Amino acid sequence: MKIVPASDFSFEQLVDAYNQTRVDYVVPMPMNAARLQEYVRVYDVDLSRSVVALDGEVMLGLGLLGVRNGRSWITRLGVLPDGRRQGTGQALMDELLHQSDALTVDKVWLEVIKGNTPAHALFCKNGFTETRELIVARRAPNLKAEIPDDIHIKSVTPLDHEDAIILLSHRRKRPNWLNEIESFQHVKNLSALVVELLDGGRGWVTYHAGLLQLTRVSVEVTVGNPAEVTAAILHILHQRHKRQDTITENLLDDATWKGFKAAGYFEAFRRIEMKKPLVDS
Amino acid sequence: MKTILQIEDNLANKLLIERVLEPHPYRLLHAADGETGVALALDEKPDLILIDMGLPDIDGQTVVTLLKQIPDLENVPIVAVTAWPADTAEKMARRYGCDGCITKPIDVRQFPAKIAAFLEND
């Protein structure tokens, strides 16, 4: 088996291999080349430091490495069915950790889907420890969505991309890699709503409104009950975007999540965030 | 003859369903991604749509959302065929207004009867 940089391959080749790693996965998440390209761009994946395991010309597995200031992120690690039970996962991890070490990052991050026991065991064996659980949530569209009568709005101020980025830079809790400010800076056309309620509650939501989907929904409550104000903000958002399906990734399991649920969101699955300090760096 | 549109990116799953339904008098159409699936649904107006929730270009849920908003297709039953855990799959199907949910791996003995029942209810 040899390990080579992912940059030696086209997006089509990488996505073909990646989809094969996920054929029997706990949560099927196929991609196409365009989606993978977007993923690489938004999440600062460095393909020259990402890896592919080969047996001759046959791909056995792959793992991507995101790189940001002082930290790296292992993502989309997977082994094809033919590459399993021969140490492929460990060989990929060794090289991704070696690449991180060479970058002199302080910490390496990753997420594993809750319930993916073999992957979780591999990461624990490699010195990763759990930091928190993250929720991937969805909300089906509701063409009849209206704002509940008990929500009394004082004002709603729509903002553009630049202002949305400013709002996101003021979040109080540490966001996960997917939701870090660097990710949002790579996304085009974010929108935001700043909401004030008559009872004094205040907060904002940032989001990306596509033709079919709302994505990257992020809510911050600045004044008031986090669950209630979150729910109010989201009801206002969805009253304006009734037709779109919504997915939002890596929410924290906190009071705000209660507000998401009150606004019609449900948990699709959970990820476990893990980190490994690189003490030698 | 009833027409069934299968939106499924996994070739093995596509072939399995084709094989299981082969003895039955259905016209089977196939799309390997969401965009092609929506286009075929609009062109062919099938009697039943079977959709994998994990598609490479657009999430299956989003495809269902779109199909449900097209007046010509509003009465076409949509059944999620998914590898998600059963409880999540059912919740997902219900929330997105699917008419049913079949989890993978499909039970090849029961599958034709389930399909017949969805078509009967149509």
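**Loops and labels**

Mentor: B:Lys45 sits in chain B, in the loop that runs between α2 (34-44) and β3 (48-51). Helices (H or I, at least four residues) and strands (E, at least two) are DSSP runs, numbered from the N terminus. This is a predicted model, in which local features need pLDDT of at least 70, side-chain atom pairs count only at pLDDT 80 or more, and totals for chains, interfaces and linings use all residues. Residues are numbered from 1 along each chain as its sequence is written, while chains are lettered from A and ligands numbered from 1 in the order in which they are written.

Trainee: Why is B:Lys45 called partly exposed?

Mentor: A residue is buried if 20 or more other C-beta atoms, placed from the backbone, lie within 10 Å of its own, exposed if 12 or fewer, and partly exposed in between. B:Lys45 has 14 C-beta neighbours inside 10 Å, so it counts as partly exposed. B:Lys45 also has a positive phi of about 40°, although it is not a glycine.

Trainee: What makes A:Asp44 partly exposed?

Mentor: A:Asp44 has 18 C-beta neighbours inside 10 Å, and therefore counts as partly exposed. This residue of chain A belongs to the loop between α2 (33-42) and β2 (51-55), and A:Asp44 has a positive phi of about 55° without being a glycine.

Trainee: Why is B:Ala32 partly exposed?

Mentor: Because 19 other C-beta atoms lie within 10 Å, B:Ala32 is partly exposed. B:Ala32 is 23 residues from B:Leu55 in sequence, and their C-alpha atoms are 8.0 Å apart in space.
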